[in-house]
Amino acid sequence: MKPDPLNLIITGVGGQGNVLISQVLGRALMDRGFKVAVGETFGLSQRGGSVQSHIRVSRRLVYGPIIPEGQAHVVLGLEPLETLRVLPLYGRKGISILTNSRPVPPLNVIAGEAVYPPPDQIKAALSELSARLWWLNATAEAQKLGAAIMANIVMLGALAATGLIPAAAPEVERALAEVLPAHRLKRNLTALRRGMKLV
């Protein structure tokens with residue numbers, strides 16, 4: 001695996017399912033024999049607040065859970081503006097980004113204190129600041145399955161299909177089955193596979 005450690009940030013807003021993704025990925029990677037450190041949530045974890053999860057993956061060592069500044073290799077964004085906000089602190093040359101394109105306006109925008117940037121501007125900025133960008137409407141795909149909340153699992157499937165992490169579809173599916181209750185598994189596996197097809 002190159003680089004070692006591999007540093008992944010999952011970002012979004014509270015209630016979008018950051019922690020679930022980090023739990024599933026952590027299990028999938030450990031099942032493959034990697035050493036994994038997961039910093040579950042940094043930020044305002046209440047619904048609507050900005051949140052981040054850090055995942056550090058290595059063949060050799062267990063690293064601290066907080067990714068050093070300028071050292072993220074992959075960003076998985078559940079919300080486009082939150083994805084952009086990660087880059088000034090953690091971005092680096094060669095970074096790869098996957099983001100859900102559906103905006104979730106922050107509280108200051110809802111209150112009329114700020115203006116949400118046009119999505120085209122966010123997309124252009126992400127494209128300029130990354131080596132590779134996947135701009136995906138995961139929310140629309142999740143809505144087709146009957147639940148917009150499953151956009152996080154659609155994005156997880158997309159990540160698994162890119163080859164950016166050393167865990168492929170079978171490991172991620174097994175980890176999802178370990179984490180979710182049986183009555184939720186079938187729909188989430190469908191969402192995961194829908195995300196894989198997006199990339």
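Residues are numbered from 1 along each chain as its sequence is written, and side-chain values use heavy atoms, with hydrogens and water left out. In this predicted model, local features need pLDDT of at least 70 and side-chain atom pairs count only at pLDDT 80 or more, while totals for chains, interfaces and linings use all residues.

**Exercise 1.** Determine how β5 (96-100) is paired and how its two faces are covered.

*Solution.* Begin with the strand itself, where strands (E, at least two residues) and helices (H or I, at least four) are DSSP runs numbered from the N terminus. On one side of β5 lie Ser-96, Leu-98 and Asn-100, on the other Ile-97 and Thr-99, and all of them are buried, a term that means under 20% relative accessible area, with exposed over 50% and partly exposed in between (1.4 Å probe, protein chains only). Next, consider the pairing, which requires at least two DSSP bridges between two strands: β4 and β5 run parallel and are joined by 4 bridges, with Gly-77 partnering Thr-99. Strand β6 is likewise parallel to β5, through 5 bridges, and here Asn-100 has Leu-136 as its bridge partner.

**Exercise 2.** Describe helix α2 (residues 80-90), its start and its cover.

*Solution.* Take the start of α2 as the opening step: a side-chain oxygen of Glu-79 comes to within 2.8 Å of the backbone nitrogen of Leu-81. Then list the buried residues of the helix, which are Pro-80, Leu-81, Glu-82, Thr-83, Val-86, Leu-87 and Tyr-90; the elements covering them include β1 (6-13), β3, β4, β5, α4 (119-129) and β6 (132-136). Finally, place the helix in its unit, since β4, α2 and β5 form a right-handed β-α-β arrangement, where right-handed means that, with the strands pointing away from the viewer, the path from the first strand over the helix to the second runs clockwise.

**Exercise 3.** Which residues touch the most other members of the largest nonpolar core?

*Solution.* A nonpolar core is a set of buried Ala, Val, Leu, Ile, Met, Phe, Trp, Tyr and Cys residues joined through side-chain atoms within 4.5 Å. In the largest one, of 44 residues, Leu-25, Leu-98 and Leu-159 touch the most other members. Helix α6 (residues 151-162) contributes the most to this core, with 8 residues. For Leu-98, contacts (heavy atoms within 4.5 Å) beyond four places in sequence include Val-74, Trp-134, Met-155 and Leu-159.

How values were computed: Polar contact = N/O pair within 3.5 Å; in protein donor to acceptor, adjacent residues only side chain to side chain.
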